[in-house]
Amino acid sequence: MPDTQPPFAPALTFAFEIRAELAPTLHVGHGDGERTEFTPITGGTVHGPLLRGTVLPGGGDWSSTRGDVCQLDARYLLRAEDGAVIDIVNRGYYHEDEAGSPEQHDGDLQVSWPGVYYRTSPVFRTDAPAHRWLARTVFVGLARAPEEETVAIRMYALL
């Protein structure tokens, strides 16, 4: 019996952009073919149709680079406009590739650069009723460094 259901494909909806301000990176150490660093997060903004607020200072990104691939493991706090505190654990990968991924656009905004793979998989936690949807939704982040000491991550909800 042939499957008559339409093909199932996920859809992404832009939720918000996090612009995190960064302090200089600290070298932690290195092992056999690996370099470990910590980048403090000192503040920032959250702006978008589904969430607005600020990035609280005090979090950071622990990164491990092996060869040309940087594995990211960031943890920090957001404060929504209504005062709710939201925890985010944001893991992902950064690497440059000459063959590269195509640049991505969201309307008129370029959200990633040609030849750069900078993607994250954030997980949120909060007990604030207005923001519980964050803890029940899968997100994909497209990141870029629009200026020195800043990283911008556009968060897309997977529907």
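Tutor: We shall take a few terms in turn, keeping in mind that this is a predicted model.

Student: Why is His131 called buried?

Tutor: His131 has a relative accessible area of 8%, and buried means under 20%, so His131 is buried. As for its place in the chain, His131 lies in the loop between S10 and helix H1 (132–135).

Student: What makes Leu51 a contact of His131?

Tutor: Contact means heavy atoms within 4.5 Å, and Leu51 is listed as in contact with His131 when neighbours within four places in sequence are left aside, so heavy atoms of Leu51 and His131 lie within 4.5 Å. Ala80, Asp82, Ala84, Ile86 and Thr126 are also in contact with His131.

Student: How do you know that S10 and S11 pair?

Tutor: Two strands pair if at least two bridges are found between them, and two bridges join S10 to strand S11 (residues 139–147), so S10 and S11 pair. These strands run antiparallel, and Arg119 stands opposite Leu142 in S11.

Student: What makes S3 and S4 a pair?

Tutor: Three bridges join S3 to strand S4 (residues 53–55), while the definition asks for at least two, so S3 and S4 pair. They run antiparallel and form a hairpin with five residues between them, and in S4 the bridge partner of Val46 is Gly53. Val46 of S3 also stands opposite Ile18, where six bridges join strand S1 (residues 12–22) to S3.

Technical notes. Residues numbered from 1 in each chain as written. Predicted model: local features only at pLDDT ≥ 70, side-chain atom pairs only at ≥ 80, totals over all residues. Heavy atoms only, no water. Helix = DSSP H or I, 4+ residues; strand = E, 2+ residues; numbered from the N terminus. Buried < 20%, exposed > 50% of the residue type's maximum accessible area, 1.4 Å probe, protein only.
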